[in-house]
Structures are given as C-alpha cells and as structure tokens.
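This report describes a protein chain for a reader who is new to structural analysis. Please keep the sequence and the model in view while reading.

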Amino acid sequence: MSTVDQTEPRPFEALQIPPAALDQGGIEVLRAAIINDGLHVTLRPVFDDTRMWGRVLADIARQLAHAYEHQGRGAAADVIANIRQGFDTDLNTPPETQGAIAPLS
C-alpha cells in the first residue's frame, strides 16, 4: 500500500492542525496513518446521513488532486481518475494487509 520508506523505524510524523481549526475551532472526524504498510484510522462517525461521507471523501480526493498538480506530479483530472479507479477497485477487493480502525467516542 505504501510508497513511504519505512525500512528504518522512526517517530510518527503527524500533520499540522488546519489553520482554520486553530482560529475557529471544529471537530476532527478522520485521522489516517500508514504504519508498516497498513492503514490505521481513527474516526468519529458524526453524520446521521452516511452519504455525507461520500462528500467528505470526494472533497479529500479533489484536494489531493490539486496538491499533486501543484507539485507537478500530474494533472488534477488524471489524479482524480486514478483515485476513482483505486477507490472502485479496493471497494470490491479488500487489501491484503489489514490495518486498524478505531472509533472515537
């Protein structure tokens, strides 16, 4: 799953808190990390209408596409197409490595 070099143990590299959250507050709904090639997630199931998670995941895909494009690693439309293809494939075929999902209460 990972293309992150994990041959040497090292400290966890957390992302910074979004600047708007520092100014305005908010609620964290998803944290994801690659650990030993497995996805580990902590989440807060906040939406009564679970279709809202589709909207969240779509917005994450758009932001990823723009980040890759900004780094010169592909056109945003191509990145979105690749994400969509991977999403559809993985929904139908579970990954070989198992991660951990921990709900936040």
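## The loop between two strands

N36 is exposed, with a relative accessible area of 64%; the classes are buried (under 20% relative accessible area), exposed (over 50%) and partly exposed (in between), computed with a 1.4 Å probe and protein chains only. N36 lies in the loop between β1 (30-35) and β2 (38-43). Helices (H or I, at least four residues) and strands (E, at least two) are DSSP runs, numbered from the N terminus. The phi of N36 is near 50°, a positive value in a residue other than glycine.

D37 also lies in the loop between β1 and β2. Although D37 is not a glycine, its phi is positive, at about 65°. D37 is partly exposed, with a relative accessible area of 33%.

## Basis and confidence of the model

This is a predicted model, in which local features need pLDDT of at least 70 and side-chain atom pairs count only at pLDDT 80 or more, while totals for chains, interfaces and linings use all residues. Residues are numbered from 1 along each chain as its sequence is written, and side-chain values use heavy atoms, with hydrogens and water left out.

The predictor's confidence in each residue is given as pLDDT, from 0 to 100. The protein averages a pLDDT of 88, and 83% of the residues score at least 70. Where is confidence lowest, and where is it highest? Strand β3 (residues 100-103) has the lowest confidence, at a mean of 62, and helix α2 (residues 51-70) has the highest, at 97.

## The aromatic pair

The structure holds 1 aromatic pair. F47 and W53 form this pair, with 5.2 Å centre to centre and 75° between the planes, and the arrangement is edge-to-face. Rings of Phe, Tyr and Trp (its six-membered ring) pair if their centres lie within 6.5 Å; planes under 30 degrees apart count as stacked, over 60 as edge-to-face and the rest as tilted.

The two partners can also be described by their accessibility. F47 is partly exposed, with a relative accessible area of 26%, whereas W53 is buried, at 19%.

## Salt bridges

Side chains of opposite charge can pair when their charged atoms come close. How many salt bridges does the structure hold? There are 4 salt bridges in the structure, each defined as a side-chain nitrogen of Lys or Arg within 4 Å of a carboxyl oxygen of Asp or Glu.

One of them joins the side chains of E28 and R31, at 3.1 Å from N to O. E28 is partly exposed, at 41% relative accessible area, and R31 is partly exposed, at 42%. The side chains of R51 and D49 meet in a salt bridge at 2.9 Å, N to O. R51 counts as exposed at 67% relative accessibility, while D49 counts as partly exposed at 34%. D59 and R62 also form a salt bridge, at 3.9 Å from N to O. Because D59 and R62 are 3 residues apart in helix α2, they are separated by about one helical turn.

## A nonpolar surface patch

L30, L57, I60, L64, Y68, F87 and L91 make a nonpolar surface patch of about 600 Å². Helices α2 and α3 (76-92) each supply at least two residues of the patch, and α2 gives the most, with 4 residues. F87 lies in helix α3 and is partly exposed, with a relative accessible area of 43%.

Patches are made of residues with over 30% relative accessible area and no salt bridge; like charges are joined within 9 Å, and nonpolar side chains (Val, Leu, Ile, Met, Phe, Trp, Tyr) within 5 Å. Accessible areas come from the Shrake-Rupley method with a 1.4 Å probe; for residues, only the protein chains shown count as cover.
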